[in-house]
Amino acid sequence: MDGNIAFTDEQWNTLVQGVAEAYDDLTLKKGFMLERIGSIQQLSLTEERRLEAEVKDNDGIRRVELALDFPAGGSCDCTDRKPCRHQAAALMKLARLHGRPVSALANASAAAAASAKTAQAPEDGSAASGKGTHGQTDSAMQPSSITGSASVPRAEHRGTRAAAASEEEQAREASIEQASVLAASGISAWHRRFEQTAAALAGRTRNPKFAELTLAGIFEDMPPFRPGIEQLYRLNAHLFVLKTMISSSSGYYAHLAVSDTAAAMQQCLDTPLADRQDTQVTERLHETIGLTRRQMLTEDREQSAFSQAYYSLLRHWAAPLSETSPTERDDVYESEFQYLMDEERELGRSLNRQAWLGANAWSRFCLKQDEKAETLLNEAADKPYFSLKKLPDFLSPLEENEEWDRLLGWLETFGPLLERARAGLADYGRLWDGMLAHRPEAEEIMWKTLGGMLPYASDFYEAKLLERERWEDWMDFQLATGAEPSNFKVTDLAPIEKNAPEQLLPFYHQAVERFVEQRNRDGYKRAAKLLKRLEKLYKKTKREERWDVFMAGFNARYGRLRALQEELKKGKLML
């Protein structure tokens with residue numbers, strides 16, 4: 001388009017007047033919607049002031065030609081009545097590019113109608129006044145005349161109501177048309193609308209209130225979509241806000257807004273996607289997955305919101321277990337694998353390699369290519385800042401589907417990964433419990449796996465030993481790690497005292513010797529307390545003679561330590 005060709009004020013006013021005369025209000029509103037969502041693909045203006053444009057619509061590209069000096073003419077290859085919404089959209093895009101108010105064209109017909117109504121009102125008032133004067137000169141007024149004049153306001157009222165109903169119907173049709181256009185336009189047009197809403201809040205601090213207001217503005221302006229499209233539109237709104245918050249701000253309140261938005265987005269995904277077989281829903285879903293995939297593969301290593309959204313999209317909407325066959329799910333993940341390969345080539349150095357490895361591993365896992373998936377996960381775990389937050393739940397789906405053999409292999413794989421990531425082990429332990437309930441013979445594999453996770457998994461390992469009543473192994477572990485009896489509450493040791501009290505004897509004996517070697521009053525007091533517990537254990541196991549022999553030797557070795565002897569006397573431990 002020749003940038004030197006501009007509107008003079010006179011030309012602009014002539015164009016607005018010509019549009020008001022040639023276009024009805026509904027056509028202009030539809031044109032405005034097309035222009036607003038970015039449907040104008042190409043636009044050119046010749047020196048002869050002829051406008052040529054390509055406008056994207058539901059069913060393809062429409063080619064428009066018209067003369068600015070005669071906006072009622074021109075052509076468009078659509079089947080609508082002329083002049084049409086595509087011509088109106090092209091005119092509004094031209095106005096925007098030349099810095100003229102688009103709203104003047106969008107409201108031209110309505111403004112002209114309002115002006116005409118305003119001009120007619122004084123004339124109607126004068127006519128009514130003349131009738132009244134004439135009536136006063138008559139000697140009498142007929143009853144029929146009274147009835148006729150009373151009916152005039154009622155007729156006007158009915159006309160007003162009809163006009164209002166007509167306007168509401170036009171607005172409803174325009175809203176439905178807007179929903180149809182947006183549904184067919186792709187998510188890039190949606191995000192341009194979101195940007196316009198967010199622009200009105202440009203001066204606000206990026207915090208939870210900003211996210212709330214942005215989403216409220218987007219949803220307030222949302223046309224009446226079909227259910228599946230509406231779900232995708234709402235999800236994309238959350239994705240937009242999430243991207244805006246992450247890219248433009250940092251700090252506590254921004255982090256809080258990101259967390260809140262991610263949680264709300266997860267709630268959207270927890271609801272099954274409606275109309276999954278609809279062509280437009282399928283197209284918009286694929287575009288949304290593509291957007292989320294790209295954001296995941298380029299997000300910072302500290303962020304995981306887009307990773308979580310990506311995996312939830314695949315599991316809940318693209319390939320839900322309850323609504324898709326194994327073949328359909330395989331097709332989804334085969335395609336996803338190819339998309340990931342393409343993204344690796346396109347992103348180059350900007351690729352988040354760890355996120356890419358995790359996504360690749362998930363696709364391989366879903367295709368039951370477990371060895372390749374395990375290799376990819378181990379490579380991801382070798383990267384700095386490895387975090388399981390960027391990964392989906394590999395293990396629970398296997399338990400839900402009762403794939404016990406696969407679950408056993410993946411429990412072995414994830415043990416070292418959990419150790420490297422310093423992740424919680426509660427769910428991991430629960431999965432092992434479920435596994436052993438169905439495969440008791442796998443217990444030795446569990447102990448081997450947990451042993452390889454030490455010392456990180458020490459607390460978990462100890463708890464499992466007690467839980468499965470492996471008293472001797474538990475005691476060997478305490479002796480090997482130099483644990484002190486004082487580290488445990490009496491209730492912690494009660495199961496061992498009840499079921500295998502003899503296992504506690506070396507534990508207490510070694511601790512007594514360490515306390516005595518401290519050579520201070522506090523050490524002697526603690527040694528005396530443990531000796532009292534030892535005495536009870538010997539009696540419980542009916543080994544009183546061995547206790548007497550031990551105490552005789554103990555007093556012989558430490559008889560010169562006066563403070564120790566005093567503590568033993570207090571505890572009535574002297575022979």
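Lys542 is exposed, with a relative accessible area of 72%. In this predicted model, Lys542 sits in the loop between helix H24 (521–540) and helix H25 (544–558). Its phi is positive, about 60°, although the residue is not a glycine. Lys368 likewise has a positive phi, of about 65°, and is not a glycine. Lys368 belongs to the loop between helix H14 (353–366) and helix H15 (370–381); because its relative accessibility is 57%, above the 50% cut-off, Lys368 counts as exposed.

Two cis peptide bonds also fall at loop positions. One joins Lys82 and Pro83, with omega about -5°, and Pro83 lies in the loop between E4 and H3. Another joins Leu454 and Pro455, with omega about 5°. Pro455 is found between helix H19 (443–452) and helix H20 (458–467), in the loop that separates them.

An open sheet is formed by four strands in the order E1-E2-E3-E4, with antiparallel pairing. Strand E1 (40–45) and strand E4 (70–76) are the edge strands, each pairing on one side only. On average, and with direction ignored, neighbouring strands of the sheet are turned by 20° against each other. Helix H3 (residues 85–97) packs on this sheet and touches E1, strand E2 (50–57), E3 and E4; the direction of H3 makes about 70° with that of E1.

E1 and E2 run antiparallel and are joined by five bridges. Within this pair, Ile40 stands opposite Val55 of E2. The hairpin of E1 and E2 has four residues between the strands, and Arg49 in this hairpin takes a positive phi near 65°. E2 and E3 also form a hairpin, with two residues between them, and pair in the antiparallel sense over eight bridges. Here the bridge partner of Glu52 is Glu65 in E3. Glu65 is in turn bridged to Ser75 in E4; strand E3 (residues 60–67) and E4 are paired in the antiparallel sense over three bridges.

The buried residues of H7 are Ile187, Ala189, Trp190, His191, Arg193, Phe194, Thr197 and Ala198.

The largest nonpolar core has 165 residues, and those with the most contacts inside it are Tyr428, Leu531 and Phe554. Helix H9 (residues 227–248) gives the most to this core, contributing 10 residues. With neighbours within four places in sequence left aside, Tyr428 is in contact with Leu395, Leu411, Phe414, Gly415, Leu418, Thr449, Leu450, Met453 and Phe460.

Glu399 is placed in helix H16 (residues 396–400). The side chain of Glu399 makes a polar contact with the side chain of Arg430, at 3.1 Å. Beyond neighbours within four places in sequence, the contacts of Glu399 are Trp404, Leu407, Arg430, Leu431 and Gly434.

Note on methods: Residues are numbered from 1 along each chain as its sequence is written. This is a predicted model: local features need pLDDT of at least 70, side-chain atom pairs count only at pLDDT 80 or more; totals for chains, interfaces and linings use all residues. Side-chain values use heavy atoms; hydrogens and water are left out. Buried means under 20% relative accessible area, exposed over 50%, partly exposed in between (1.4 Å probe, protein chains only). A polar contact is a pair of N or O atoms within 3.5 Å; within protein, one must be able to donate a hydrogen and the other to accept it, and residues adjacent in sequence count only if both atoms are side-chain atoms. Contact means heavy atoms within 4.5 Å. Two strands pair if DSSP finds at least two bridges between them. Axes are lines fitted to C-alpha atoms, for helices over the stretch in contact, and angles run from 0 to 180 degrees between N-to-C directions. A nonpolar core is a set of buried Ala, Val, Leu, Ile, Met, Phe, Trp, Tyr and Cys residues joined through side-chain atoms within 4.5 Å.
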